[in-house]
Amino acid sequence: MSISKITEILEQQLNLYGRLLECEESKTDLIMKNEIVQLNVVTQKEKLLTAQADELETTRLLTTARYFKDIGFRMRSGVLSDLIKSVNNPEEKQQLTRQYEELTDILRRLKQVNESNQQLIQQSLDFINFSIGLMVEDPNEDVVYQHPMNQMGANKRNTWFDSKA
């Protein structure tokens with residue numbers, strides 16, 4: 001088995017991770033614009049791409065294991081850097097190194113955008129919880145001082161949100 005099959009798989013992974021990065025970046029805009037329906041569509045697309053990425057990674061690991069077996073090496077792991085070390089052809093080594101660097105870069109960017117999206121979603125949830133907290137009456141907290149003698153029937157306040165419902 002030659003390295004060309006592995007480099008083909010790596011190119012497919014680069015393409016797939018690029019599409020995942022585009023999804024994540026579009027999710028950032030959708031989160032900020034609060035477009036929930038479109039966000040769900042992108043999330044479903046992202047799930048499909050993630051499943052494909054898992055399949056490609058499994059294929060790459062199996063192909064790498066076959067390559068190591070063919071050249072008589074014991075495969076310690078499916079780590080790409082180990083594969084690069086085992087290749088003697090300078091052109092193949094250079095191509096694998098380039099793909100390794102591109103994969104590392106795109107996965108780093110994917111992680112950053114994903115973390116940014118998680119922070120945006122958390123901020124949105126915090127704002128929603130804060131807004132709900134403003135609308136819900138807390139029976140233990142009086143906003144305005146009332147004379148103790150006048151509290152008999154005046155404890156009912158109008159609220160926007162019925163917390164008992």
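What you're looking at is a predicted model, so local features are described only at pLDDT of at least 70 and side-chain atom pairs only at pLDDT 80 or more, while totals for chains, interfaces and linings use all residues. Residues are numbered from 1 along each chain as its sequence is written, and side-chain values use heavy atoms, with hydrogens and water left out.

Let's start with the fold. The protein has 4 helices and 0 strands, in the order α-α-α-α along the sequence. Helices here are DSSP runs of H or I with at least four residues, strands are runs of E with at least two, and both are numbered from the N terminus. Contact means heavy atoms within 4.5 Å; among contacts between residues at least 6 apart in sequence, 61% join residues at least 24 apart.

Helix α1 covers residues 3-33, which makes 31 residues, and reaches 45 Å from first C-alpha to last, close to the 45 Å expected at 1.5 Å a residue. That expected span is 1.5 Å times one less than the number of residues. Helix α2 has 36 residues, and its end C-alpha atoms are 52 Å apart, in agreement with the 52 Å it should span.

Between those two helices, in the loop, sits Asn34. Most residues other than glycine have a negative phi. Asn34, which is not a glycine, has a positive phi near 60 degrees. Asn34 also counts as exposed, at 57% relative accessibility; the cut-offs are under 20% relative accessible area for buried, over 50% for exposed and partly exposed in between, with a 1.4 Å probe and protein chains only. Just after α2, Gly72 has a positive phi too, of about 85 degrees.

Now for the inside. Of the 165 residues, 27% count as buried. In soluble globular proteins, nonpolar side chains tend to be buried together. A nonpolar core, in this account, is a set of buried Ala, Val, Leu, Ile, Met, Phe, Trp, Tyr and Cys residues joined through side-chain atoms within 4.5 Å. The largest one has 29 residues, and Ile3, Tyr17, Tyr67, Leu83 and Leu96 touch the most other members. Helices α1, α2 (36-71), α3 (80-86) and α4 (90-135) each supply at least two residues of this core, with α1 giving the most, 12 residues.

Leaving out residues up to four places away in sequence, Ile3 touches Tyr67, Leu83, Val87, Glu92 and Leu96. Tyr17, in helix α1, is buried, with a relative accessible area of 13%. With its neighbours within four places set aside, Tyr17 is in contact with Ala53, Leu103, Ile106, Leu107 and Leu110. Tyr17 and Leu103 are 86 residues apart along the chain, yet their C-alpha atoms are separated by 8.1 Å. As for α2, its buried residues, including Leu39, Glu46, Arg60 and Phe68, pack against α1 and α3.

The protein exposes about 12,100 Å², of which carbon and sulfur atoms supply 54%; areas come from the Shrake-Rupley method with a 1.4 Å probe, and for residues only the protein chains shown count as cover. Ile121, Leu125, Phe127, Ile128, Phe130, Ile132 and Leu134 make a nonpolar surface patch of about 700 Å². Leu134 lies in helix α4 and is exposed, with a relative accessible area of 63%.

How values were computed: Patches are made of residues with over 30% relative accessible area and no salt bridge: like charges are joined within 9 Å, nonpolar side chains (Val, Leu, Ile, Met, Phe, Trp, Tyr) within 5 Å. A salt bridge is a side-chain nitrogen of Lys or Arg within 4 Å of a carboxyl oxygen of Asp or Glu.
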